[in-house]
There are 2 protein chains.
Amino acid sequence: MTKALERREKLRVDLIQAAEQMIAERGLAGLKTRDLAREIGCANGAVYNLVTDVDELILRVGSRTLLRLDEALSAAESASDPSPQETLIRIALAYCDFAAENLQLWRALFEHRMEADKILPDWSVNDQMQLFRHIYQPLAVLFPKRSQEELGITARSLFSAVHGMVALGLEQKLVAVPLPALRKEIATLVRAMIDGLAARGVKRISGA
Amino acid sequence: MTKALERREKLRVDLIQAAEQMIAERGLAGLKTRDLAREIGCANGAVYNLVTDVDELILRVGSRTLLRLDEALSAAESASDPSPQETLIRIALAYCDFAAENLQLWRALFEHRMEADKILPDWSVNDQMQLFRHIYQPLAVLFPKRSQEELGITARSLFSAVHGMVALGLEQKLVAVPLPALRKEIATLVRAMIDGLAARGVKRISGA
DNA sequence: AATATTTATTGAACGATGTTCAAGGTCTCT
DNA sequence: AGAGACCTTGAACATCGTTCAATAAATATT
């Protein structure tokens with residue numbers, strides 16, 4: 001009873017890895033079931049024994065990408081300099097670097113859109129983009145007076161802002177920016193946002 | 001000699017309008033040449049007399065969307081309160097509102113990706129995302145000491161940051177945020193960025 | 001060990017889609 | 001009115017994701 005399932009499982013991970021590599025090399029639009037089947041050595045139709053959809057396949061690859069991204073941000077979170085300002089900048093740059101080094105896979109996270117009616121499988125709801133939790137800690141240290149909810153909102157805003165700089169920065173559409181320049185811009189703006197948030201918190205008390 | 005061309009032109013604008021409406025209603029993925037042909041009353045193949053590609057069609061719709069977006073930002077640029085801070089916030093909120101009200105068309109601007117080899121037609125290079133020029137003026141007033149190039153970089157960074165907040169804020173992927181909450185977050189963060197950039201400019205002179 | 005039953009795999013076929021093209025129709029100019 | 005240029009048509013092609021009846025394999029039963 002094991003023999004069949006073993007083979008199935010091995011094929012399934014082969015499939016997901018092949019899909020990951022194919023997206024990395026040719027983009028989300030370059031993912032083709034027939035090519036995948038040839039790659040892992042099975043018939044075209046057999047793909048649908050391992051996975052119900054290409055949607056599921058893309059989500060599974062997305063899970064892996066999110067996991068690696070999470071690790072990259074975690075590494076940046078706990079590094080030498082514990083100053084919360086510097087930590088936040090390190091995390092932002094780590095996000096930028098990950099996106100640049102995994103461009104197609106990172107894009108796939110945001111490009112993919114399910115048909116409105118289909119609901120996400122439950123194994124996929126867990127890893128649903130909680131990336132901004134990485135910047136919660138340093139923010140909490142910086143702004144000890146703020147509530148959990150306020151901090152959560154600020155964290156999401158900060159993360160989204162950095163995401164936007166990376167997204168448009170790595171795109172052709174808005175003038176190609178060399179990576180080192182982009183990194184510098186990100187560091188500058190993150191610093192500014194932190195300073196600005198701090199100042200605003202103080203000013204509001206003394207009235208302005 | 002006019003009769004034929006007139007009809008052609010009328011059909012062409014019909015086609016582009018139909019495409020615009022179809023994207024607005026069903027998203028970029030819902031754009032189908034056969035449906036378009038039926039909509040404007042011609043054969044499927046005739047679409048390719050009016051337009052070389054669906055790529056071109058999408059770009060033409062994108063041009064229109066960019067134009068309307070530009071107008072919306074211009075309106076926000078020149079409004080009652082001339083204070084540059086408030087102007088920048090108004091522009092950011094106008095961007096957010098436009099995206100929310102034209103969700104599918106706005107998404108199409110960023111979702112669409114040409115195959116790597118195909119080059120953009122020249123009529124499309126002009127309106128290539130120069131949206132951040134809208135925030136150049138108020139920034140120049142706020143930071144008169146900075147060079148044109150520095151201001152350009154800052155403008156792009158600020159715009160990208162707001163774009164990120166809107167992009168992730170209107171997405172399902174990162175927790176659905178109610179629009180009023182998103183607008184408040186944007187206003188807060190834009191203010192913070194401005195304050196932070198100003199403070200940083202001062203601090204650097206006095207050393208820190 | 002032999003057979004029956006359940007399960008997995010195959011690859012041909014289906015439907016949808018963007019795109020092309022030869023055939024036939026329409027328009028324009030002389 | 002007729003010749004030549006242009007347009008339009010809809011059938012056909014290639015490429016997808018996806019399905020399914022037939023076949024093969026694995027497992028369960030006797």
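1. Helices here are DSSP runs of H or I with at least four residues, numbered from the N terminus (strands are runs of E with at least two). With that in hand: A:Trp106 and A:Phe110 both sit in helix α6 of chain A, four residues apart, about one turn of the helix.

2. Some housekeeping. This is a predicted model, where local features need pLDDT of at least 70 and side-chain atom pairs count only at pLDDT 80 or more, while totals for chains, interfaces and linings use all residues. Residues are numbered from 1 along each chain as its sequence is written, chains are lettered from A and ligands numbered from 1 in the order in which they are written, and side-chain values use heavy atoms, with hydrogens and water left out.

3. On to the rings. Over all chains the structure holds six aromatic pairs (Phe, Tyr and Trp rings, taking the six-membered ring of Trp, with centres within 6.5 Å; planes under 30 degrees apart are stacked, over 60 edge-to-face, the rest tilted). One of them is A:Tyr95 with A:Trp106, edge-to-face at 6.2 Å centre to centre and 75° between the planes. A:Tyr95 belongs to helix α5 (residues 84-101) of chain A and A:Trp106 to helix α6 (residues 103-111) of chain A, so this pair ties together parts 11 residues apart in sequence.

4. A:Trp106 also pairs edge-to-face with A:Phe110, at 5.7 Å centre to centre and 65° between the planes. Ring pairs link A:Tyr95, A:Trp106, A:Phe110 and A:Phe159 into a cluster. Buried or exposed? Relative accessibility is 2% for A:Tyr95, which counts as buried; A:Trp106 is buried at 4%, and A:Phe110 is buried at 15%. (Buried is under 20% relative accessible area, exposed over 50%, partly exposed in between, with a 1.4 Å probe and protein chains only.)

5. Have a look at A:Glu56 in helix α4 (residues 54-77) of chain A. At 11% relative accessibility A:Glu56 counts as buried, and its side chain reaches the backbone nitrogen of A:Thr52 at 3.1 Å. Leaving aside neighbours within four places in sequence, A:Glu56 is in contact (heavy atoms within 4.5 Å) with A:Val51 and A:Trp123.

6. A:Trp123 turns up again: the charged end of A:Arg60 sits over its ring, 3.9 Å from the centre. (The cut-offs are NZ of Lys or CZ of Arg within 6 Å of the ring centre and within 35 degrees of the ring normal.) Over in chain B, B:Arg146 lies over the face of B:Phe143, 4.5 Å from the ring centre.

7. Finally, the copies. Chain B superposes on chain A by a rotation of 180° with 0.0 Å of shift along its axis (RMSD 0.1 Å), so the two are related as by a two-fold rotation axis.

Methods:
A polar contact is a pair of N or O atoms within 3.5 Å; within protein, one must be able to donate a hydrogen and the other to accept it, and residues adjacent in sequence count only if both atoms are side-chain atoms. Copies are superposed by least squares on the C-alpha atoms of residues with pLDDT of at least 70 in both.
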